[in-house]
Amino acid sequence: MATYKPAQIAAKTVETGMHKAHNSWQTAAILGFLAGAFISLGFLLDIRVIASAPASWGSFANFIGAAVFPVGLVLVLLAGGELLTGNMMAVPLARMAGKITTGEAMRNLVIITLSNFVGALFVAYFFGHVLGLTGSGAFLEKLVDMAGHKIHDSFLQAFISGIGCNWLVALAVWLSYSTDSISGKILGIWFPTMAFVAIGFQHVVANMFLIPAAIFEGYYSWGDYIMNFIPVWLGNLAGGSIFVAAAYWMAYLRKTPHTSAITVEEHPMKGAAAAEQV
């Protein structure tokens, strides 16, 4: 079982970000659809667990919901998927390292934004609305309550919440690159993801499921959703690209007059990162 130090993870992440940016649009769109659906399934599980819990459990039910949500990110990172929040860290890091162009980075983020949205809408409409998993009783009440808390944040609050979310989610992705062990990857993914959900930070892809699911049931509007999407998208971008990618680029990859940047060739994973699709 191989494990990697932070500097090695940085080099591996650069290689992964480069391969993400160079995927064909068809591959990126398919993997983006899957990732949007996987995160939405994790959120659907979260809602079903919380709404089914006895009232006497109080806030402990929210903790249990937060503890099951990470199954979505586990599926993305282990089964294969392209998730916007993870790409907001890996792709900008590859750009900072000079492995891709700004145009390639923006192309990837646009494709993954759109395909994540389609995947999330699929789960929200067919599983939530048509199948009725979020359309009645306690499940509908919890869905509407959670969506309402998201859209009622001000622009600044949603932006800052987005930063906090993707600081943690990008670190979950970062930790998944720290080992070749399946169990080690799951542990690395689980705790930061559970933390962001328990805290209540806003995740742009999770919201692609949550708020449209409420809209399909007759609550809120697409205008409300757009006014949430913009600040959360920007906040997630800042959290992943600045608080994780830029921080570790400056710590481990930036060339200075006295040091040379770490390269992938210096570490025993060149080529392995090519298989990473998340």
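A salt bridge here is a side-chain nitrogen of Lys or Arg within 4 Å of a carboxyl oxygen of Asp or Glu. The views below come from a predicted model.

**View 1. Glu82 and Lys20 form a salt bridge.** The closest N and O atoms of the two residues are 3.4 Å apart. The pair joins distant parts of the chain, with Glu82 in the loop between helix H4 (71-79) and helix H5 (84-96) and Lys20 in helix H1, 62 residues apart. Both Glu82 and Lys20 are buried.

**View 2. Lys12 and Asp180 form a salt bridge.** In this pair, the closest N and O atoms lie 3.9 Å apart. Lys12 belongs to helix H1 (residues 6-22) and Asp180 to the loop between helix H8 (155-176) and helix H9 (182-199), so the contact ties together parts 168 residues apart in sequence. Lys12 has 2% relative accessibility and therefore counts as buried. Asp180, at 42%, counts as partly exposed. The salt bridges of the protein number 2.

**View 3. The protein has 11 helices and 0 strands.** Its radius of gyration is 18 Å, close to the 19 Å that the globule rule gives for 278 residues, so the protein is as compact as a globular protein of that length. The C-alpha trace spans about 60 × 35 × 35 Å along its principal axes.

**View 4. Buried residues account for 53% of the 278 residues.** The protein exposes about 11,700 Å², of which carbon and sulfur atoms supply 69%. Of the contacts between residues at least 6 apart in sequence, 86% join residues at least 24 apart.

Key. Residues are numbered from 1 along each chain as its sequence is written. This is a predicted model: local features need pLDDT of at least 70, side-chain atom pairs count only at pLDDT 80 or more; totals for chains, interfaces and linings use all residues. Side-chain values use heavy atoms; hydrogens and water are left out. Helices (H or I, at least four residues) and strands (E, at least two) are DSSP runs, numbered from the N terminus. The radius of gyration is taken over C-alpha atoms; the globule rule is 2.2 Å times the number of residues to the power 0.38. Buried means under 20% relative accessible area, exposed over 50%, partly exposed in between (1.4 Å probe, protein chains only). Contact means heavy atoms within 4.5 Å. Accessible areas come from the Shrake-Rupley method with a 1.4 Å probe; for residues, only the protein chains shown count as cover.
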